Number of protein chains: 2
Amino acid sequence: MAQSVAHAAEPAIPMAAVTVDLVVLTIRDDELAVLCVRRGIPPFAGKLALPGGFVRPDETLVMAAARELADETGLPGEVHLEQLATYGDPGRDPRLRVVSVAYLALAPSLPTPRAGSDAADVSWLPVAGLLAGRPSGSGPSGPSEELAFDHRQILADGVERARAKLEYSPLATAFCPPVFTVGQLRRVYEIVWGTSIDPRNFHRKVTGTPGFLVPAGGSTVGERGRPARLYRKGDAELLHPALLRGANC
Amino acid sequence: MAQSVAHAAEPAIPMAAVTVDLVVLTIRDDELAVLCVRRGIPPFAGKLALPGGFVRPDETLVMAAARELADETGLPGEVHLEQLATYGDPGRDPRLRVVSVAYLALAPSLPTPRAGSDAADVSWLPVAGLLAGRPSGSGPSGPSEELAFDHRQILADGVERARAKLEYSPLATAFCPPVFTVGQLRRVYEIVWGTSIDPRNFHRKVTGTPGFLVPAGGSTVGERGRPARLYRKGDAELLHPALLRGANC
DNA sequence: ACAAAAGTGTTGGATTTACACCCATGA
DNA sequence: TCATGGGTGTAAATCCAACACTTTTGT
């Protein structure tokens, strides 16, 4: 790379604007939901989009993603954030060449987000409707809107990444509050995968996987049924053995 | 994102140069090797780097990666190419803000690469030496050089991606010629993972995984030992069941 | 008492591992 | 005939899905 920059006879280096876009997933009302903003200005004014913004000259990519996440949602620091992929087709933004580095964030269930500093409005929307074909009116998943730019593809990639990583990493705990029960964790798997899981085998599997869960002491109270023991996320980064999607159901 | 571009009172959009960098892996002399170029101009003149170049205004990111791959190596189209990650820390290039989208390419064993149009020289180097601590002189893996920019990290990420994907995808076939034997495929796994694998169980596993291999008819001749049947890559994208690294040895 | 959710035990089938064994060729 | 790598058979160990069953709460 970088054939020349100081030689006057060479062609100019092509420049592009660099943004970060966020796929912020959570679970609300027993559905997988994503954080969306309503655009206030062209292009795609009035349409839904993923939150994001330009990368400033003095910050790293992940810093920019964390800043946008805090700006747009006021979420506390306890959020999983990882790079997803980069989207840079010419023409994906009609104004100028924009290369967008997408980040995937997973957050526990939260009350309604507060509007950020510059976003018109911010809301959690079920991913099912946003990923459905494009009914434009009312589809089988209810009325849905389309996302601006190529954000539908970015969302699809983010959801697929999350689904895949639940199998072999303790990422599902990122959807849970700091202290949670095995039943809550199982509901995360069922909702993200869209399957049903045997509660008994799941319990044995996750409590038997070293480093996945550590007992937090105490139990739930005031719930239906027998109280459940509480756990925190363990320190394992990979799960051995992995939980297999497509089995067990 | 994209708060404003047409409003005169807003600050200017920060721009960056966008490059693609390539981690091209192959197997040579029973070692995992990566394609490197010797830089001819500052910064890091004379040092080793991953091949790459600027993304042109009218091409997609993957087109830029494919173009650089062809330019620098003359490799035919039969190469696996996938996006790896994006690196954009300020200061990673001392001249200007450069955001680099790294791609991972896997190629079958090939004769020595021909020098490309603009690269001073191109060579395959074992990854072990490039990833080793930084002995600067002679380490346990032999004398090694350091890579320019943050290319050591990019290489490490690419190797880790390849190792992980061998488990659950038929990616190992990308290191093999179009027609290959089970023994060749096993050697790919052993070299990339740095483990030894039982040949008998490996044979049953890969031939029993639907869609992984399709018989190509015929057998090897002139080799030592019993002739081996020939196979081509199947059409499966995911392996069920997966081959487990860390077992079997 | 009943429903509901948590958690444990058990069992039959599938999968994995280790290795004995045979096959087909070159030297 | 031996060495070398290819390929199959098989038994023990292990893992896993299915489900019976007990525990502990709210109503």
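The model is predicted; local features need pLDDT of at least 70, side-chain atom pairs count only at pLDDT 80 or more, and totals for chains, interfaces and linings use all residues. Residues are numbered from 1 along each chain as its sequence is written, chains are lettered from A and ligands numbered from 1 in the order in which they are written, and side-chain values use heavy atoms, with hydrogens and water left out.

Chain A brings 43 residues to the contact with chain B, and chain B brings 42 residues. Contact here means heavy atoms within 4.5 Å. The size of an interface is often given as the accessible area lost when the parts come together. Between chain A and chain B, the buried area is about 3500 Å². Buried area is the accessible area (1.4 Å probe) that two parts lose on being put together, summed over both. Carbon and sulfur atoms give 63% of the area between the two chains. The count of residue pairs in polar contact between chain A and chain B is 10, with both residues at pLDDT 80 or more. A polar contact is a pair of N or O atoms within 3.5 Å; within protein, one must be able to donate a hydrogen and the other to accept it, and residues adjacent in sequence count only if both atoms are side-chain atoms. Salt bridges between chain A and chain B number 0. A salt bridge requires a side-chain nitrogen of Lys or Arg within 4 Å of a carboxyl oxygen of Asp or Glu.

Four strands of chain A each supply at least two residues of its side touching chain B: β1 (15–28), β4 (52–54), β5 (80–87) and β6 (98–106). The largest share, 6 residues, comes from β1(A). Helices (H or I, at least four residues) and strands (E, at least two) are DSSP runs, numbered from the N terminus. By class, the side of chain A that touches chain B has 23 nonpolar, 10 polar and 10 charged residues. Ala, Val, Leu, Ile, Met, Phe, Trp, Tyr, Cys and Pro count as nonpolar; Asp, Glu, Lys and Arg count as charged; the others, Gly among them, count as polar. β1(A) also pairs with strand β1 (residues 15–28) of chain B, in the antiparallel sense and over 3 bridges. Pairing requires that DSSP finds at least two bridges between two strands. M15(A) stands opposite A17(B) in β1(B).

DNA strand D has 24 residues around it, of which R200(A), R226(A), R200(B), G225(B) and R226(B) come nearest. Of the atoms of DNA strand D that come within 4 Å of the protein, sugar and phosphate account for 51%. A residue is near a molecule or strand if one of its heavy atoms lies within 4 Å of it. N201(A) places a polar side-chain atom 2.8 Å from a base nitrogen of DNA strand D. For H203(B), an N or O atom in the side chain is 3.3 Å from a sugar or linking oxygen of DNA strand D. A polar backbone atom of R229(B) is 2.8 Å from a phosphate oxygen of DNA strand D. Two or more residues of the surface near DNA strand D come from each of α5 (199–208) of chain A and α4 (182–193) and α5 (199–208) of chain B. α5(A) gives the largest share, 4 residues. The surface near DNA strand D comprises 5 nonpolar, 6 polar and 13 charged residues.

Around DNA strand C there are 22 residues, with R200(A), R229(A), R200(B), N201(B) and R226(B) nearest. Sugar or phosphate holds 54% of the atoms of DNA strand C within 4 Å of the protein, and the rest belong to bases. A phosphate oxygen of DNA strand C is 3.4 Å from a polar side-chain atom of R186(A). R204(B) has a polar side-chain atom 3.2 Å from a base nitrogen of DNA strand C. A polar backbone atom of R226(B) is 3.3 Å from a base nitrogen of DNA strand C. α5(B) gives the most to the surface near DNA strand C, with 4 residues. That surface has 4 nonpolar, 6 polar and 12 charged residues.

Most residues other than glycine have a negative phi, and most peptide bonds are trans. H240(A) and P241(A) are joined by a cis peptide bond, with omega about 0°. P241(A) is found in the segment after β11 (229–233) of chain A. The bond from P42(B) to P43(B) is also cis, with omega near -5°. P43(B) is in the loop between β2 (31–38) and β3 (48–49) of chain B. F44(B) lies in the loop between β2 and β3 of chain B. F44(B) has a positive phi of about 65°, although it is not a glycine.
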